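I opened the notebook for this model today.

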Amino acid sequence: MNFIEPGTLLISPPAMPDPKFGQTVLLLTQHSPHGAFALCLNRPTNQDVNKITTEMQLNTDLPFKMYWGGPLHPGSIWMIHTSEWECDHTLHVNGHWNITSHESMFHHLADGDAPKYFRLVYGFASWGAGQLEAEMRGSGRYLPGSSWLLLPDVSSEDIFEIPEPKLWSRATTMAASAAVDSWI
């Protein structure tokens with residue numbers, strides 16, 4: 001199996017055995033022999049970003065949606081954003097994507113300093129050493145037809161311009177097209 005690069009989208013197939021990830025699109029932000037880390041892009045929630053900024057004593061109203069980033073550590077807040085913007089503790093994923101998880105991102109947003117495109121998410125998904133690769137091979141409860149579809153090196157702008165209710169179906173179509181193109 002080829003090494004899966006950060007910036008790859010992991011797209012759940014229709015037969016995804018884990019219901020938490022049904023019809024999700026995740027951005028793989030880190031991948032190494034030690035494991036993988038990803039954030040979900042298409043699960044808006046009813047969580048209020050202003051509750052967080054109030055706790056930080058930021059007296060501002062931020063009109064941004066919060067998204068579910070994954071089932072682990074729901075108290076962690078991440079900003080998935082385009083690569084032209086950064087602040088304290090921004091991590092570069094690849095040429096298209098950055099992620100930030102630091103309270104300074106809220107100060108920047110309150111000051112009107114925001115990336116062109118971004119999503120605020122809480123929680124994340126991760127895999128231990130070799131776990132994602134095992135899923136991709138169809139090991140355990142993951143059959144080859146029920147594991148992640150991959151869409152490598154997709155532009156953040158292209159993804160952020162797709163409304164989140166349509167993101168899963170569009171990403172599935174894009175991954176299928178990319179797979180066919182690789183066979184030709």
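Where is Asp 153 found? I looked it up: Asp 153 is in the loop between β10 (149–151) and α4 (156–160). I take elements as DSSP runs numbered from the N terminus, helices being H or I of at least four residues and strands E of at least two.

Ground rules first. I am working on a predicted model, where local features need pLDDT of at least 70, side-chain atom pairs count only at pLDDT 80 or more, and totals for chains, interfaces and linings use all residues. I number residues from 1 along each chain as its sequence is written, and side-chain values use heavy atoms, with hydrogens and water left out.

I checked the backbone of Asp 153 and found phi near 50°, a positive value in a residue other than glycine. Asp 153 is exposed, at 53% relative accessible area. My scale is buried under 20%, exposed over 50% and partly exposed in between, with a 1.4 Å probe and protein chains only. His 89 also went on my list, with phi near 65°, positive although the residue is not glycine. His 89 sits in the loop between β6 (72–82) and β7 (90–92). I count His 89 as exposed, at 54% relative accessibility.

**Helix α5.** I tested its length. The 20 residues of α5 (residues 164–183) should span 28 Å at 1.5 Å a residue, and the end C-alpha atoms are 29 Å apart, which agrees. The expected span is 1.5 Å times one less than the number of residues. Then I listed the buried residues of α5: Glu 164, Leu 167, Trp 168, Ala 171, Thr 172 and Ala 175. An α-helix has 3.6 residues a turn, so residues three or four places apart point the same way.

**Cores.** I define a nonpolar core as buried Ala, Val, Leu, Ile, Met, Phe, Trp, Tyr and Cys residues joined through side-chain atoms within 4.5 Å. The largest has 31 residues; Leu 26, Phe 106, Leu 120, Trp 127, Leu 132 and Trp 148 touch the most other members. I noted that β9 (118–128) is among the elements giving two or more residues to this core. With five residues, β9 gives the most. A second, separate core has 25 residues, including Val 25, Tyr 67, Trp 78 and Val 154. Last, I looked up Leu 120. Leaving aside neighbours within four places in sequence, Leu 120 is in contact (heavy atoms within 4.5 Å) with residues including Val 49, Phe 64, Trp 78 and Phe 106.
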